[in-house]
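User: Please take a close look at the side-chain contacts in this model. I want the ring pairs and the charged pairs, residue by residue.

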Amino acid sequence: MLKFVHRTLNQFINSQSLSGVVLALAAVLALVLSNSPWGEAYNRFVQLPGEVRVGGDLLVLSKSLLHWVNDLWMAVFFFLVGLEIKRELLDGELASRSQALLPAGAALGGMLVPALIYMAINAGDPVAMRGWAIPAATDIAFALGILVLLGSRVPASLKVFLTAVAIIDDLGAILIIAFFYTDGLSVTALAAAGVGVLVLLALNRAKVMAIGPYVMVGLVIWLFVYKSGIHATLAGVVTALAIPLSDGKGGSPLKTAEHALHPWVAFAVLPMFAFANAGVSLQGVTMGTLLQSVPLGITAGLLLGKAIGVFGASWLLIRFAGARLPAEAGWGQFFGVCLLCGVGFTMSLFIGALAFAGQDAAYETQLKLGVLCGSLLSGVLGAVMLLRSSAAKAQR
C-alpha cells in the first residue's frame, strides 16, 4: 500500500511539473502575441462569441470564448480540485491532525499576510480594494513544476509539503470566491441548485459508483449556480465532493475520476485559461506603471506576503505547537519553498478577473502585470534560494 501511495504521489508531482512547463509556454505565447502585429487578432480570438441553445429560446447562453473558458472550463478544474481536496482529507496528507497541522497553518498564514499587505497598499481606493484576495493564491502546477525541475537537490518531503499547502490554499480560494465574489443572488436559482445537491447526496447514499450520473447532475447544478449569481465554477467542487472515495471492493471511483481527468486539466484546461487570460499589452508600461497601487500590492503580496505568511506561521507551529520541519529539509530550503508559494498565476488571475469584473480596463492590465511580476520574482528567488541552500547543505 505504501508503495502504491508513493508511486501515485510521484506520478502526480511529475505530471504537475510537465503541466507547469506547458502552462508557462501558453502564458508566454499569449504575452508574445499581445505585443506583436497579431495583437488585435489575439484579442478578437479570445472574444469570439459562442452560444448554446436548448429548446429554442427556452435556454440561451451566449458568452465570449474568454467567459466560456473562465466559467465552464474552469469548473472542470475546480471539479479536479474538489476531488484532490476530498482525497487528501480522507486518505492523504491531510487525513490526520498531525499531518495537516503544518500545511494548514502555513496555508492560512500564506493567505492572511498577502491580503493584509495588499489592503495596506491600496487603502483608500474602494475599487482596488476588491482585489484583496488576488495575492492570497498559489498555483500548484507552476510552483511544483519549479520544485521538480530542481531534481534530487530538493527533499521529497518539501514537495509533499508544497502540494498540501497548495491544496489547502485552493480550498481557501474556493471559500473566498463563494463568500466575497458573489453579486445579485437569485434565491430561486440557488434553491434549484440546492435540489441538485440533494440529488448528488442521494446518489452517494445509494452507493452509485458510476461517475456519469454525478457529472450529469453536476452540469445541471452548474447551470443553476451560474444563474444564481454565485460563480459557476463552484458547482465543480460540490459535484466532486459527492463522488465516493471507495466502492467497498478495493476500487476508488474518486481516484479513478481524478487520474482520468488530470491530463485534460493539466494539458488543455489550464493552458487554455493561461492563453486566454495572460495576454496583456506592454505598450506604454513603465516602472511607474508597476509602482501603481494595484500591481505593487499584488507583487508585494505574492513575493513578500506569501514568504512571510507561510514561513512565519510554520515557524510558530514548529516552535510552539509540536509541528516538525519536513524530513531532511533545512530551514534555508524550507524558506525557498515558502517563496515558491508566491507563484500565484492561475488562481490569482482567476480571482482578479472576478474582483475587477465590470471595472475600468486599466485594472485588468494592472492585475495581469502584478500577477506576472509577483509570480516570476517568487519563482526565480525561490529557485535560487533552494539551489543555494541545497548546495550549502551538501557541503556540510
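Analyst: What follows covers the aromatic pairs, then the charged contacts.

The model is predicted. The aromatic pairs number 15. Take Phe78 and Phe350. Their ring centres lie 5.4 Å apart, with 45° between the planes, and the pair is tilted. Phe78 belongs to helix H3 (residues 65-91) and Phe350 to helix H14 (residues 345-355), so this contact ties together parts 272 residues apart in sequence. Both Phe78 and Phe350 are buried.

Next, Phe161 and Phe334. The ring centres are 5.0 Å apart and the planes meet at 45°. Phe161 has a relative accessible area of 5%. Phe334 has 0%. The cut-off for buried is under 20%, so Phe161 and Phe334 are both buried. These two rings also belong to a cluster: ring pairs link Phe161, Phe311, Trp331, Phe334 and Phe335.

The charged end of Lys63 lies over Trp68, 6.0 Å from the ring centre.

Now the salt bridges. Side chains of opposite charge can pair when their charged atoms come close. The count here is 6. Arg87 bridges to Glu258, with the closest N and O atoms 2.7 Å apart. Arg87 is in helix H3 and Glu258 in helix H10 (residues 253-277), so the pair links parts of the chain 171 residues apart. Arg87 is buried at 14% relative accessible area. Glu258 is buried at 3%.

Lys306 and Asp169 form another salt bridge, 2.7 Å from N to O. Lys306 lies in helix H12 (residues 293-320) and Asp169 in helix H6, so parts 137 residues apart in sequence are tied together. Lys306 is buried at 1% relative accessibility. Asp169 is buried, also at 1%.

Lys368 and Glu364 meet in a salt bridge at 3.1 Å, N to O. Both lie in helix H15 (residues 361-395), 4 residues apart, about one turn of the helix. Lys368 is buried, with a relative accessible area of 8%. Glu364 is partly exposed, at 38%. Elsewhere, salt bridges with shared partners join Arg87, Glu88 and Glu258 into one network.

Definitions and conventions
Residues numbered from 1 in each chain as written. Predicted model: local features only at pLDDT ≥ 70, side-chain atom pairs only at ≥ 80, totals over all residues. Heavy atoms only, no water. Phe/Tyr/Trp six-rings, centres within 6.5 Å; stacked < 30°, edge-to-face > 60°. Helix = DSSP H or I, 4+ residues; strand = E, 2+ residues; numbered from the N terminus. Buried < 20%, exposed > 50% of the residue type's maximum accessible area, 1.4 Å probe, protein only. Lys NZ or Arg CZ within 6 Å of the ring centre and 35° of its normal. Salt bridge = Lys/Arg side-chain N within 4 Å of Asp/Glu carboxyl O.
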